[in-house]
Amino acid sequence: MSEFEWRNGMRKVGGPVEPDRDLWPDIASKISAVAQEKRPSRFPAFAIAAGVLVASGAVLFAWQLQNQPIPQQTTQETTLAANTPVPKRVINNVVENDEHAPRKVLANASDELNDASASIQQALEQRPDAVFLVNLLNKTNSQRLRVMKKSYAG
Amino acid sequence: MDGSALRVNTQLAEPPREDTVSTLVRRACAGDTRAFETLYRDHVGRIYGTILRLVAMDRARAEELTQEAFVRAWQKLGSFRHESAFSTWLHRLSVNTALMALRGKRDTESADEEALELAAGGEVPFCAAERGDLERAVSDLPPRARAVLVLHDVEGWKHEEISAELGMAVGSSKAQLHRARGLLRRALGEAA
């Protein structure tokens, strides 16, 4: 048999074939079931994102405190600490009457931001399509950069 | 016979424009099931046809695996990188789905081979065989030989691609193709 004959023969076997029935309704219901199964796994991503937001807020707050003059700082901290859910270690570092306090605050801020960045990246691995996580990661990274610059300047 | 000269490219009669497909894929990836339905309707003929040939023209099994392939495609849309054509990506995923099913039925291979031996020796020459005869003959091939023949001669895959997908050496893929062609010729009544 020539190659031409073989090629013609096999061409008869190939090509699209339409199924006897519309498979889409079954596929659609299976997709819907898959989506419902997946839904609970979204909660960790949102929880991580919320945690990261709180951490970022705390870091920003600590940053503001660190930039205040010492006498005002103590007064403001006492008031704000009573009303704001800021991580205790951040407040402790700010209220310390230590000459290295500003440096420690920056170090803590840097640690918080590094943790936040890592958490967001983990969340992104679970939800690579989550645009809000990408925005959050960008914001966190720009804050990290500012803290680093401040550390080097200080 | 040089196998590389025998590849037959099967394409959609009217393939959808790739930029349209890309938009549909992005929408489907964002959860738009209507966009995914459009992709399904554009591609189901080729996907079902390929799977049907791989599962020996078992239409019920092919329908089941086609559904499974599209559900897997939906789940994995996020991993599609838009670097290759969506049709190629979907086709590979579908073939992989069918091959996984075939691997699970490998224990029936010897029975298939016996059936083929009995079926061999007919009087119909290959070139005169009708599509139905060819499909039946291909269906009667042992699963691995059939998979290699369909992927190489019908779908136009290279031996390197087949060997990677089937987890065999390139040489084994070539040997399986040679065997499949020989068995096919015998089944269609032509001495190898």
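Where in chain B is confidence lowest, and where is it highest? The lowest mean, 43, belongs to helix α5 of chain B (residues 109–119), while α3(B) has the highest, at 96.

## Confidence

Please keep in mind that this is a predicted model. The predictor assigns the complex an ipTM of 0.73 along with a pTM of 0.56. For chain B, the mean pLDDT is 80, with 76% of its residues at 70 or more.

## A salt bridge between the chains

Across all chains, the whole structure holds 12 salt bridges. One of them joins the side chains of Arg59(B) and Asp20(A), with an N to O distance of 3.0 Å. This pair crosses between chains: Arg59(B) belongs to helix α3 (residues 59–76) of chain B, and Asp20(A) sits in the loop between α1 (3–13) and α2 (24–38) of chain A.

Are the two partners buried or exposed? Arg59(B) is partly exposed, at 31% relative accessible area, whereas Asp20(A) reaches 58% and so counts as exposed.

## Salt bridges along the helices

Within chain B, Glu37(B) and Arg41(B) form a salt bridge whose closest N and O atoms are 3.0 Å apart. Why can these two be described as one turn from each other? They are four residues apart in helix α2 (residues 33–54) of chain B, so about one helical turn separates them. An α-helix has 3.6 residues a turn, so residues three or four places apart point the same way. Both partners are partly exposed: Glu37(B) has a relative accessible area of 22%, and Arg41(B) has 40%.

Arg61(B) bridges to Glu64(B), with 2.8 Å between the closest N and O atoms. These residues are three apart in the helix, so they too are separated by about one helical turn. Glu64(B) is partly exposed, at 41% relative accessibility. Elsewhere, Arg21(A), Asp26(A) and Glu63(B) are linked into one network by salt bridges that share partners.

## The nonpolar cores

Which members of the largest nonpolar core touch the most other members? They are Phe36(B), Phe86(B), Leu149(B) and Leu184(B), out of 63 residues. The largest share of this core comes from α2(B), which supplies 10 residues.

Phe36(B) shows how both chains take part in its surroundings: beyond neighbours within four places in sequence, its contacts include Trp24(A) and Ile31(A), as well as Phe70(B), Ala73(B), Trp74(B) and Leu77(B). A separate core of seven residues lies apart from the largest one, with Leu124(A), Ala130(A), Leu136(A) and Leu137(A) among them.

## Helix α9 of chain B

Helix α9 of chain B (residues 170–187) has 18 residues, so at 1.5 Å a residue it should span 26 Å; the end C-alpha atoms are 25 Å apart, which agrees. Its buried residues include Leu177(B), Leu183(B) and Leu184(B), and also Gln176(B), Arg181(B) and Arg185(B). After α9(B) comes Gly189(B), with a positive phi near 90°.

Technical notes: Residues are numbered from 1 along each chain as its sequence is written. Chains are lettered from A and ligands numbered from 1 in the order in which they are written. Side-chain values use heavy atoms; hydrogens and water are left out. A salt bridge is a side-chain nitrogen of Lys or Arg within 4 Å of a carboxyl oxygen of Asp or Glu. Buried means under 20% relative accessible area, exposed over 50%, partly exposed in between (1.4 Å probe, protein chains only). A nonpolar core is a set of buried Ala, Val, Leu, Ile, Met, Phe, Trp, Tyr and Cys residues joined through side-chain atoms within 4.5 Å. Contact means heavy atoms within 4.5 Å. pLDDT is the predictor's confidence in each residue, from 0 to 100. The expected span of a helix is 1.5 Å times one less than its number of residues.
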